[in-house]
Amino acid sequence: MDISSHGLLPELLVLDIPEVDAQHEAIFYRIENLKYHCIEHNELPEAVVGDLLAFLSEHFATEERMAAALQLEFTEHARMHRETLTTLGGWVRVVVSGQRDVFSFLRYLEIWFERHIREEDQPFADELHEREARNRALR
Ligand SMILES: [Fe+2]
């Protein structure tokens, strides 16, 4: 496996939150790694997808911690995090049981992840930057 994680995060999806951007890049890497394994073996490797889901849950916890630290309203975003983990876990079960093919899952995963950054994390980043600027101005 020689896919490098460096450069996998498209510039348009950079949020200027270094910790979150680094995690997004690491998630792109894990999705690429998962695709590679699926193409090689034509099945969903449970350990690789398990690692991806564990990392996603860690990533969501990072966003939730940052929002809490700045007292940003995050209820809806956190609800979407929980829903996503449930949905992806469900997808894994139906793929592993043979009810859906692995490539439909991969397509879903890629589309979902880009949308997560654009529609959920971009507004979060805007709010976080605004709050940080306001806090700086108050000091
Ligand atoms: Fe994110």
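Which residues coordinate the iron ion, and at what distances?

View 1. The iron ion is coordinated by His24 (NE2), His59 (NE2), Glu63 (OE), His116 (NE2) and Asp121 (OD), at 1.9 to 2.3 Å. Donors here are N, O and S atoms within 2.8 Å of the metal (3.2 Å for Na, K and Ca), and water is not among the atoms, so sites may look incomplete. Please keep in mind that this is a predicted model, in which local features need pLDDT of at least 70, side-chain atom pairs count only at pLDDT 80 or more, and totals for chains, interfaces and linings use all residues. Residues are numbered from 1 along each chain as its sequence is written, and side-chain values use heavy atoms, with hydrogens and water left out. Along the sequence, the donor residues of the iron ion follow the spacing H-x34-H-x3-E-x52-H-x4-D. His24 lies in helix 1 and Asp121 in helix 4, so this pair ties together parts that are 97 residues apart in sequence. Helices (H or I, at least four residues) and strands (E, at least two) are DSSP runs, numbered from the N terminus.

View 2. Buried means under 20% relative accessible area, exposed over 50%, and partly exposed in between (1.4 Å probe, protein chains only). Leaving out residues up to four places away in sequence, His24 touches Leu9, Leu15, His59, Glu63, Phe113, His116, Ile117 and Asp121. Contact means heavy atoms within 4.5 Å. Gln23 is buried as well, with a relative accessible area of 10%. With residues up to four places away in sequence not counted, Gln23 touches Phe55, His59 and Thr62.

**View 3. The largest nonpolar core and Phe124.** This core has 39 residues, and those with the most contacts inside it are Ile17, Leu34, Leu44, Phe105, Leu109 and Phe124. Two or more residues each come from helix 1 (18-41), helix 2 (46-69), helix 3 (75-96) and helix 4 (102-138). Helix 4 gives the largest share, 10 residues. A nonpolar core is a set of buried Ala, Val, Leu, Ile, Met, Phe, Trp, Tyr and Cys residues joined through side-chain atoms within 4.5 Å. Not counting residues up to four places away in sequence, Phe124 touches Ile17, Glu63, Met66, Ala67, Leu72, Phe74 and His77.

**View 4. Helix 2 packed against helix 3.** The axes of these two helices come within 10 Å and cross at roughly 175°. That makes helix 2 roughly antiparallel to helix 3. On the helix 2 side, the contact is made by Glu46, Val49, Leu53, Leu56, Ser57, Phe60, Glu63 and Glu64, while helix 3 brings His77, Ala78, His81, Thr84, Leu85, Leu88, Gly89, Val92 and Val96. By class, this contact has 9 nonpolar, 5 polar and 3 charged residues. Axes are lines fitted to C-alpha atoms, for helices over the stretch in contact, and angles run from 0 to 180 degrees between N-to-C directions. Angles under 35 degrees count as roughly parallel, over 145 as roughly antiparallel, 65 to 115 as roughly perpendicular and the rest as oblique. Ala, Val, Leu, Ile, Met, Phe, Trp, Tyr, Cys and Pro count as nonpolar, Asp, Glu, Lys and Arg as charged, and the others, Gly among them, as polar.

**View 5. Helix 3 meeting helix 4.** Here the axes come within 11 Å and cross at roughly 175°. Helix 3 and helix 4 are therefore roughly antiparallel to each other. Among the residues of helix 3 in this contact are His77, Thr84, Leu88 and Trp91, which face a helix 4 set including Phe105, Leu109, His116, Asp121 and Phe124. The class count is 11 nonpolar, 6 polar and 2 charged residues.

**View 6. Leu70 in the loop between helix 2 and helix 3.** Leu70 lies in this loop and is buried, with a relative accessible area of 17%. Leu70 and Leu128 are 58 residues apart in sequence and 7.5 Å apart in space, C-alpha to C-alpha. Not counting residues up to four places away in sequence, Leu70 touches Leu128, Arg131, Glu132 and Asn135.
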